[in-house]
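Hello,

Here is the structure I promised to pass on. Please have a look at it first; my notes follow below.

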Amino acid sequence: KLGQKLMRRRIEHAFKDGSGLPFQWDCKSCGKIHRRNLVKKARKVREEFTLKGAERNPRSDLVLFDSKDKPYVAVEIVVTHAPEDWVIETYRELGITRVEFSLNGPEDLELLANGETLKADKVDWCEMPKCECGSFFRPRVVHLVDADCWKCHSDMVIAYGTGLYNH
């Protein structure tokens, strides 16, 4: 429960001073490191909140609510056991993103309380765009090349892209 209390304090402090709460995670979906503000659209946090609206109602360590008072993030502080599969599935059904922080010792508590950027262990969300089929699009890269006109030799910039159409 100490980890839960520390995280709630951090979230409430971010609300009060408007500084945000940066966190990052190694994305299991695309393999990249994502960085976000945990409380960017949050307006309220509730501790030990029971989510309703699905077949089963999980009780989350912390739940973040948006400006319409809709829960959108469940923060789980894992000390001894991770959330069960039915809990994770219920989050998906309800459209709630799970953000999980594991505490394996005093150093993790210290990072949770005072770390500049929090390191989440699991996040059920990826910022990479997806196709309707569920596959991630390849990153789109635009290359700019300084060149000369073949006819008059004036300076020009040529742009070409990769990863534009296939995924």
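**Notes on the model**

Glu47 is buried, with a relative accessible area of 18% (buried means under 20%, exposed over 50% and partly exposed in between, using a 1.4 Å probe and protein chains only). This is a predicted model, in which local features need pLDDT of at least 70 and side-chain atom pairs count only at pLDDT 80 or more, while totals for chains, interfaces and linings use all residues. Residues are numbered from 1 along each chain as its sequence is written, and side-chain values use heavy atoms, leaving out hydrogens and water.

Glu47 belongs to strand β3, residues 44–50 (helices, H or I of at least four residues, and strands, E of at least two, are DSSP runs numbered from the N terminus). Beyond residues up to four places away in sequence, Glu47 touches Gln4, Lys5, Arg8, Ser60, Asp61 and Leu62 (contact means heavy atoms within 4.5 Å).

After α2 comes Gly95, with a positive phi near 70°.

Enjoy exploring it!

Best wishes
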